[in-house]
Amino acid sequence: MIKTLIISFILVLFAFNFLFSEEYFSTLRYNNVNLRQGPSKDYPVKIFYKKKYLPVLIQDTSDNYRKVKDHENNTGWIHVSQLSKKKAAITIDDKVIVFKNATIFSRPLVVLEKGRLCLISKCNVGWCKIKVGQYSGWVKKKGLWGNFS
């Protein structure tokens, strides 16, 4: 009986850890955001981000700070007030084609270079509708890094 309780307790702990350690995407809320070495203002700044809506992957939490990773694998801590739930992505492939509709048979609108920031309005199975400058269209998800869901 005690053995069953101990095993059940261990399984519940693993399940709790698994459920709440899930990574998710967020974006930067402002044009100037500090990436710090640790989870407080006492830690030095590693990187100054200067791009609003830059997507970051949230990996961990500590009070009001989130450990993030960017598209170049830089990691550090950002205060929650500097993050937004706005959907955005960065092109990770060179020459990503933006189509008028969510099919490769539709009219191509523009070709995006690697590293271009795109605001996402909606996504389906393999495509996302994006806005880049004056262009709005569909791109394949596999060429993007960021917040699709």
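**Loop, cores and strands in a predicted model**

Gln37 sits in the loop that runs between S2 and strand S3 (45-49). In this predicted model, the C-alpha atom of Gln37 is 9.1 Å from that of Ile47, a residue ten places away along the chain. Once neighbours within four places in sequence are set aside, the contacts of Gln37 are with Tyr43, Pro44, Lys46 and Trp77.

The pLDDT averages 88 over the chain, and 85% of the residues score at least 70. Residues 11-19 have a pLDDT below 50, and this stretch makes zero contacts in the model beyond near neighbours in sequence. Where pLDDT is low, the predicted coordinates should not be read in detail.

The nonpolar interior comes next. In soluble globular proteins, nonpolar side chains tend to be buried together. Here the largest nonpolar core has 13 residues, of which Leu28, Tyr49, Val56, Val68, Ile78 and Leu83 touch the most other members. Two or more residues of this core come from each of strand S2 (33-36), strand S4 (55-62) and S8.

The side chain of Thr91 places a polar atom 2.9 Å from the backbone nitrogen of Arg116. Apart from residues up to four places away in sequence, Thr91 touches Val96, Leu112, Glu113, Lys114, Gly115, Arg116, Cys118, Gly143 and Leu144.

Lys129 belongs to strand S12 (residues 127-132). The relative accessible area of Lys129 is 28%, so this residue is partly exposed, the class between 20% and 50%. Leaving aside neighbours within four places in sequence, Lys129 is in contact with Leu119, Ile120, Ser121, Lys122, Ser136, Gly137 and Trp138. Asn101 lies 28 residues from Lys129 along the chain, and the C-alpha atoms of the two are separated by 8.6 Å.

Key
Residues are numbered from 1 along each chain as its sequence is written. This is a predicted model: local features need pLDDT of at least 70, side-chain atom pairs count only at pLDDT 80 or more; totals for chains, interfaces and linings use all residues. Side-chain values use heavy atoms; hydrogens and water are left out. A polar contact is a pair of N or O atoms within 3.5 Å; within protein, one must be able to donate a hydrogen and the other to accept it, and residues adjacent in sequence count only if both atoms are side-chain atoms. Contact means heavy atoms within 4.5 Å. A nonpolar core is a set of buried Ala, Val, Leu, Ile, Met, Phe, Trp, Tyr and Cys residues joined through side-chain atoms within 4.5 Å. Buried means under 20% relative accessible area, exposed over 50%, partly exposed in between (1.4 Å probe, protein chains only). Helices (H or I, at least four residues) and strands (E, at least two) are DSSP runs, numbered from the N terminus. pLDDT is the predictor's confidence in each residue, from 0 to 100.
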